[in-house]
Amino acid sequence: MTAEILYDSILARSFNRYERKKFGYGAMLSCLFIALSFWLLFNPQLGPLPALNLRLSVGTGLKMLSITDYSSGSFQMLRDVNETSSSKVGMINSTEYSSGISGPYMSLMNETSSSQIQMMNYTGRLRKPTTEERVSSSRSPLMNNISSYQKSTGPVEKKSEHVCTMEERTDVCEINGDIRIDPSSSSVFIVSSDQENSGNSSWTIKPYARKGDEEAMKIVKQWSVTSATGSHISVPQCTQSHNVSAILFSTGGYTGNNFHDFTDVIVPLFSTARKFNGKVKFLITNRWQRWVAKFQKLLENLSRYEFIDIDNEKEVHCFPSVIVGLKRHPKELKIDPSKSPYSMRDFRVFLRNSYSLKKSRAIKISDGVKQTPRLLIISRKRTRAFMNTEEIARAARRLGFKVVVAEPDMNMSKFVEIVNSCDVLMGVHGAGLTNMVFLPEHAVLIQVVPFGGFEWLAKTDFGEPCKDMDLKYLEYKIKTEESSLIQEFPVGHEILSNPISIAKQGWSAFKSVYLDKQNVRLDVNRFRPTLLKALELLHQ
C-alpha cells in the first residue's frame, strides 16, 4: 500500500491530471495494437491483407536435373524444381500414386522441415533431396498467406513433372500434368504454358520390359515422350479426356511364350499398376488379342476400365498422369521389394485371388498320418518332352504320390486350378515350368535339366525365383544317355562331347540343338532319390 501511494505521488509530481489521462489512453491503444499484431501473425486461417495479395509463381520450366543412381546402375532425368525468388520450393503432385487420388493440381509442400523434404525417384520410393532441392525449414507469414489465397481462389496452375529412368532391362517415364497421347505419331506430349523456362526435351521408349534383347525389341513399337513448353512446338488438342492415370505398355516381343508372358509383362505390370487399385487405364501397343484374352482375368483385376488398343485409336487421349513402360527387376520373375511396395509373395496372392484358387499351402506330411501328396508332370508335345511319361508316373505312384499329367496348352483357368491343387510340379526346363507361380506355398518344383550345359539357365529362370515365392526347389541333371541326342549324333560328335563349343557360336546355335532338338528319357532308378527328396521336403 505504501509503495502504491509513493508511485502515485511521484506520478502526480511528474504529470498533471490531463497528461496522466492522455498517457493512460496511449498505453491502452499500444496494448491493443500489440495484441492485434500477435493475432495476425499466428492465426493461419486469416486471409491476406490487400497489400499482400500476391500470387506465387509455380511455372513449369523444363530444366532437367540428371541423377545417376549408383546403387542400381540406373540413370534418371528429373525435372528440376522452379526457383521462387532466391530459393526453390519443393512441390508434390496431388495425383501421387500411393494415395490413389487423381487430379492434375499441385500443392505446396509446406509442412516439413528441409531435412524431411524428399523427391520421388524412379522407383516410386523416396530419396533425400540434393542441396539445390532443399527448402528452408522456416515458414514465413507471406508463404502462409499465399497458400490461403490459393485455397480460397481455386486450384493452382497445372505443373508438369516427369521422371524418366533407363535401367538394365527397361526404360520407364512417369509423367504428371497435362499429358496428351497422339497415336497417329506414336507420341506422348508433356504440355506446359510456362514461358519463362520454355524449351523442349524428348526421349524414345519401347515399352516392353526386355531391354537389351535385340530379337525381342525389334518387333516392339517405339514411342516418343516429348516435353513442350511455351509456344516452341505444336502439340495436338485433346479430343478425349480422362480423369484417371494410364499405363502404356507393349504385348510385342516374346509374348506368346508363357515364361516371357510373365517375366516380361505380367509381373512388371503387376509391380507398376497394383498401387492404383484398379483406377488406371491400360493403353496397349502391339496389342495381340489372343494374349489379352488369355490373361483377361489378371488384366481386369488390375484395371477397372476397358483396355485401349492405342495403335488403332484416332483420338488424342489426355490424362492427368501416365506411365510409359513397365518397371521390372533385372532378374527373371522377380520384384525388388526395396523399390516396390509389393513382392512376389504378393503377386502370388494376387494370382490366387484372380483365379479363385483354393489351396494356399502345400500338404505337410506328418508321420503316422496317411496323406497323399499330388505330383503334376508337365507334358510337352514338340521338344524337351518326356519320352517315358507313364514309366515316371508309375515310379512316383509306388512312392506314394497321386500323379497328374497335364499340358499347359489347355484352358488357362482349368490348368491353373490343376497346378494349384498339387504339392509337387516337375518338368523339363521350358516355359511350362513358369506355372509354378500358381503352386501353393511350400510346394516343391523339380526342374529336369537337359543335356548341354543348361545349369546357368535353369538356375536363372526357375531356381532363383523359387526363393521369393516360398517354393522349394530341386534340380535333376540328366546324363547323355537320357538325352534323345544320342540317337541323332554319333558318339564323339562335338554336340555330345563339347557343348561349350556350340554355345560359343551364339544363342541361336545353342538353342537350335539343345532346346529345339532334344527330348528326355528319364532313368527312373536314377531319378528315384529326387522324388524321395521331394517327399522329405513336404515333411518339413
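Colleague: How many disulfides does a search of the whole structure find?

Modeller: The model is predicted, so local features need pLDDT of at least 70 and side-chain atom pairs count only at pLDDT 80 or more, while totals for chains, interfaces and linings use all residues. Residues are numbered from 1 along each chain as its sequence is written, and side-chain values use heavy atoms, with hydrogens and water left out. A disulfide is a covalent bond between the sulfur atoms of two cysteines; here it is taken as a pair of cysteine sulfur atoms within 2.5 Å. The number found in the whole structure is two.

Colleague: Which cysteine is joined to Cys164 by a disulfide?

Modeller: The S to S distance of this disulfide is 1.9 Å. The link has 110° about the S-S bond and is right-handed. Both of its cysteines are buried, a term for under 20% relative accessible area, with exposed meaning over 50% and partly exposed in between (1.4 Å probe, protein chains only). The partner of Cys164 is Cys173.

Colleague: Why is the disulfide of Cys238 and Cys318 called left-handed?

Modeller: The sulfur atoms of Cys238 and Cys318 lie 1.9 Å apart. The disulfide is left-handed because the torsion about its S-S bond is about -100°.

Colleague: How many residues apart are Cys238 and Cys318?

Modeller: Helices (H or I, at least four residues) and strands (E, at least two) are DSSP runs, numbered from the N terminus. Cys238 is in the loop between β13 (223-229) and β14 (240-241), whereas Cys318 is in strand β18 (residues 317-324). The pair thus links distant parts of the chain, and the separation in residues is 80.

Colleague: What percentage of the residues in the protein chain is buried?

Modeller: Cys422 is an example of a buried residue, with a relative accessible area of 0%. Cys466 is buried too, at 1%. Of the 540 residues in the protein chain, the buried part is 51%.

Colleague: How many strands are there in the protein chain?

Modeller: The chain has 15 helices, and one of them is α2 (residues 17-42), where Met28 is placed. The number of strands is 23.
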